[in-house]
Amino acid sequence: MEGQPEIVGKAFAYLEEGWELALGWLTSPAAWSQFALLVLSWLLSVLVSRRFGPRIRTFVGPKDGARGPVAGLRRFALRFLPLLLPLLAYGFTAIGEAVTRSLFGSGAVIAFGKRVFLFLAARTFATKILRDPFLRLLGRYVLIPIALLYALGLTDEAALWLESMTVELGNLTVSMAALLRGAIAGSLLFWLGAWSNRQSSDYIKAQEELRPATRELAAKAAEIAIFGAAFLLLLNIMGIDLTTVAVLGGALGVGIGLGLQQIAANFISGIILLIEGQTTVGDYVELDGGEAGTIVKMTARACILETFDGKWIVVPNEHFITTRVVNFSDQGSANRYEVPFSVSYDTDINTVPGIINPAVAALPFVLTRPEGPDCELKGFGESGIDFTVEYWVNGIDDGRNKYASHVLFAIWNALKGAEIEIPYPHRVVELKGGLPK
């Protein structure tokens, strides 16, 4: 065995020790009695689980088609039913261990069997109960190996070996055990943070009595608080001194301030937008740069506008602070529009407002407040007398709503019904000197 790596030598030493222990158990009458207790515990567990498992399922399971939090909690509890057999075996084995130790003063075999049953429970939990893909991956490659080391009684040796391996990061020395502990804890913490963030965001956005901007701000604040707490807790678990992190954070802050100014500006602008609430999700806005659309999402960096033809425009938050923004407020606020039209010079123009105003007011989308339709004389054109009718509606005259088209139809029908001519462009040509011969 000379010339072999140290880890190989330790592995052979553990194998030799395990072989000697197995031979000792095979030649010991007390060990055989403990083996018998293990078999008896397993058979009793199988019998009890088969007898009471269906009854537990019937008692705990909700009725068919049941809805609500209680039914959901019952379905969640049923997912743990596969743990009944290994946990019963573990419990009966623990009782047997207590009896053998009190009578014979030894119980190494039955203690090993108890740890094996616990390993089976961990394996069942990781493969049959966990459904989230990330948790199943973590259970398969973290929980099951740890449970196997515990069953073999090698957890202390593995922990000492990992503690002896260190990684130096400048003035910071971290053991491999701390890195693995941090990776596992960090994965769990940030998965739990993401789950908590989704739950809190759904709950906050369901509070319709709050303004949309307030809901977005509360959701962002909850997200920052959750992941900030997870990061600080992770540093505490890894045993990293926060003063070292403060120095490193200061250096990173300078780098971010110099190299990521636009990102920082957009982030601060997003917070200002959410606090002020002058633009929020659902508003129809138009920027100086020509971007126009309905705000469908507000992130920490940008706002997403959806145009009426289905395109998404990503506009940095800074543009909403530093440039002129026209907010049409497509959330129930009224907007005024006007439609021009012309009538013939043969028309009695004093009768036109009395014909057009009632026709436009009869349209279901035209509002009476802040004022009803208003037909005004605009001027005398080349081909006819120019009028315009102003009207108020809720929303934007585009996309789903084509208000102007309906108003023009109403004007046409009203003028035709009153036998008023709508002029078309024409020219009068005057020939001086008569026609050529």
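In this predicted model, Thr388 has its place in strand S10. With a relative accessible area of 2%, Thr388 falls under the 20% cut-off and is therefore buried. The side chain of Thr388 reaches the backbone oxygen of Val339 at 3.3 Å. Not counting residues up to four places away in sequence, Thr388 touches Glu338, Val339, Pro340 and Phe341, together with Asp374, Cys375, Glu376 and Lys378.

Once neighbours within four places in sequence are left aside, Phe341 is in contact with Val352, Ile356, Cys375, Ile385, Asp386, Phe387, Thr388, Val389, Ile411 and Leu415. Phe341 is also listed, with Ile356, Val360, Val389, Tyr391, Val407 and Ile411, among the residues that have the most contacts inside the largest nonpolar core, a set of 25 residues. At least two residues of this core come from each of strand S8 (334-343), helix H13 (352-361), strand S10 (385-394) and helix H14 (403-417). The greatest share is that of H14, which gives 6 residues. Another core, of 10 residues, lies apart from this one and includes Leu273, Leu274, Val285 and Met298.

H13 and H14 pack with their axes 9 Å apart, at an angle of about 135°. That angle makes H13 oblique to H14, and the crossing of the pair is right-handed.

How values were computed:
Residues are numbered from 1 along each chain as its sequence is written. This is a predicted model: local features need pLDDT of at least 70, side-chain atom pairs count only at pLDDT 80 or more; totals for chains, interfaces and linings use all residues. Side-chain values use heavy atoms; hydrogens and water are left out. A nonpolar core is a set of buried Ala, Val, Leu, Ile, Met, Phe, Trp, Tyr and Cys residues joined through side-chain atoms within 4.5 Å. Buried means under 20% relative accessible area, exposed over 50%, partly exposed in between (1.4 Å probe, protein chains only). Helices (H or I, at least four residues) and strands (E, at least two) are DSSP runs, numbered from the N terminus. Contact means heavy atoms within 4.5 Å. A polar contact is a pair of N or O atoms within 3.5 Å; within protein, one must be able to donate a hydrogen and the other to accept it, and residues adjacent in sequence count only if both atoms are side-chain atoms. Axes are lines fitted to C-alpha atoms, for helices over the stretch in contact, and angles run from 0 to 180 degrees between N-to-C directions. Angles under 35 degrees count as roughly parallel, over 145 as roughly antiparallel, 65 to 115 as roughly perpendicular and the rest as oblique. A crossing is left-handed if the near helix is turned anticlockwise from the far one by less than a right angle, and right-handed if clockwise.
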